[in-house]
Amino acid sequence: MAEETGLILPLGGWVLREACRQVAEWRSALPGAGALTVSVNLSPRQLHSPTFAGEVQEALTDAGLDAADLTLEITEGVLMHDLPAMSARLAELRRLGVRVAIDDFGTGYSSLAYLRRLPVDILKIDKLFVDDLGAGSDEATLAHVIVTLGHTLHLQTVAEGVERREQADRLRLLGCDRAQGYLFARPLPAADLAAFLAAFLAAQPAA
């Protein structure tokens, strides 16, 4: 509904500003959280807006964050829908210094030639290819292919939807850079996440 009515533009702008503000607050309040970064999912309409790069810069400036502290995520299918326009907009964001991730990679049937030219930093491996890891399935082979592809193109790889320890172990063996999912934490309200981060940071060994 928000996409269809255009409400996604002010809504998405609020989400972006609030995410930047919140991570800046945590970095200031929590000992050891100075390197904390944030990722924000984008709507296709936001990327089509000619003023979007300026909105991103304003959100970063207001929060006191560097551009490298923010990763913007866009699904593979959206990129393929209007590749020239999306590529130009992503290039604007990259010039700001913001990191760009392709979300749900492996489900949008993108051309490898296009992928090589897209100004992106991160491939996020769709949960579909993670679910059966550790069970000797074809998904393990596909996950390995995506990890290898990402590293060949000098991109970071992130596995989505990791829920079991054997999945994480297999991804580590495959060379995947990072992982996210319920194995590590479920979605939390901001106050609960602050407590989670504080406990996690306190448990880290001293440098």
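**View 1. Strand β4 pairs with strand β5 in this predicted model.** Strand β4 covers residues 122-125. Strand β5 covers residues 156-159. The two run parallel, and four bridges join them. Strands of a sheet pair through backbone hydrogen bonds, either parallel or antiparallel.

**View 2. Six strands form an open sheet.** Follow the order β1-β2-β3-β4-β5-β6. The pairing is parallel. Look next for the edge strands, β1 (38-41) and β6 (178-179). Each of these pairs on one side only.

**View 3. Helix α2 lies across β1 and β2.** The helix spans residues 8-29. Strand β2 spans residues 70-75. Helix α2 runs at about 170 degrees to β1.

**View 4. D104 has a positive phi within a strand.** Most residues other than glycine have a negative phi. For D104, phi is near 55 degrees. D104 sits in strand β3, residues 99-105. Its relative accessible area is 25%, so D104 is partly exposed. The cut-offs behind that label are 20% and 50%: partly exposed is the range in between.

**View 5. H154 has a positive phi in a loop.** Here phi of H154 is near 60 degrees. The loop holding H154 lies between α8 (138-152) and β5. Is H154 buried or exposed? H154 counts as exposed, because its relative accessibility is 74% and exposed means over 50%.

Notes: Residues numbered from 1 in each chain as written. Predicted model: local features only at pLDDT ≥ 70, side-chain atom pairs only at ≥ 80, totals over all residues. Heavy atoms only, no water. Pairing = 2+ DSSP bridges. Contact = heavy atoms within 4.5 Å. Axes fitted to C-alpha atoms, helices over the stretch in contact; angles between N-to-C directions. Buried < 20%, exposed > 50% of the residue type's maximum accessible area, 1.4 Å probe, protein only.
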